[in-house]
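Hi,

Here is the structure I promised to pass along. My notes on its cavities and pockets follow below.

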Amino acid sequence: MRFCVLASGSGGNACYVETDETSLLIDAGLSLSECVRRLRSIGVNQERLDGVLITHEHADHIRGAGALARRLRVPVYINNATLRRGMKSLGNIARPVIIRTGHPLTVKDLLLETFTKCHDAADPMGVVITSQGIRLGLITDLGRSTPVVEDRLKGCHALVMEFNHDERMLEEGPYPLAVKRRIRGPEGHLSNEQAKELLMTLSHEDLGVVVPAHLSETNNLPEKALKTCMCALASSRTRVALSTQGAPTPMIDL
């Protein structure tokens with residue numbers, strides 16, 4: 001299994017996952033043209049995509065999903081509440097595949113295990129993708145950790161994890177008070193320190209790589225997120241690959 005975080009942040013999110021048999025996007029929050037451009041930049045022809053899984057309906061996760069599905073005639077895997085709430089942005093989708101949060105889904109040789117998470121959306125999901133015993137966990141847009149989150153992400157060989165904001169930068173930053181409260185609230189986004197605590201819980205000797213994701217461009221700095229992430233992995237040999245809004249990560253082999 002290989003994966004690449006094509007983009008991560010409030011401007012748009014998308015993660016590409018592939019095996020020799022299957023190619024899948026997790027979210028498509030970039031425009032259609034930008035999704036295609038970034039796929040090409042990592043050597044992937046969009047025509048090989050087998051579908052798009054949507055984690056929740058916020059624009060930075062679904063902006064290009066409808067157009068991509070129509071252009072490539074691929075299914076969109078989505079739960080009912082997210083489909084209803086996101087219908088205006090998604091437009092007409094010829095091949096929606098309705099899934100239930102917490103129920104597994106198989107796409108060729110990929111097993112997708114979804115689970116509920118705390119975020120201010122209709123029915124937001126985290127996901128663990130498994131192929132041949134290798135597990136990739138994706139958990140961004142998370143207000144707080146829960147026993148469900150920690151249980152589902154145990155034993156992953158790679159994690160794409162939210163490191164959204166530095167608490168002091170958020171507090172002293174330019175956002176209105178109501179927005180600050182939303183971000184740091186239980187349905188908002190993880191701070192660097194909260195992500196560190198979760199990562200310390202999830203870290204184990206077979207965790208090969210962690211990708212800090214969804215960094216705020218206003219309330220965080222890459223070096224702060226990276227330092228906090230490395231601190232959580234103090235004695236580990238786990239690699240860290242920082243994701244950004246502006247460019248894809250390298251393709252990561254698991």
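Searching the whole structure turns up one cavity of 30 Å³ or more. For the terms: on a 1 Å grid over the protein atoms alone, a cavity is a set of points where a 1.4 Å probe fits but cannot get out, while a pocket is an open set with protein on both sides within 12 Å along at least five of seven lines; lining residues have an atom within 4 Å of a point. Points are joined across faces, edges and corners, and volume means the space filled by probe spheres set on them.

Keep in mind that this is a predicted model: local features need pLDDT of at least 70 and side-chain atom pairs pLDDT 80 or more, but totals for chains, interfaces and linings use all residues. Numbering runs from 1 along each chain as its sequence is written, and side-chain values use heavy atoms, without hydrogens or water.

The largest cavity holds about 160 Å³. It has 19 lining residues, with Cys15, Asp27, Leu138, Thr140 and Val160 closest to the centre. By class, that lining is eleven nonpolar, six polar and two charged (Ala, Val, Leu, Ile, Met, Phe, Trp, Tyr, Cys and Pro count as nonpolar, Asp, Glu, Lys and Arg as charged, the others, Gly among them, as polar). Strand β9 gives the largest share, three residues (strands are DSSP E runs of at least two residues, helices H or I runs of at least four, numbered from the N terminus).

As for the largest pocket, its space is about 220 Å³. Ser10, Asn164, Arg182, His189 and His214 are the closest to its centre among 15 lining residues.

Cheers
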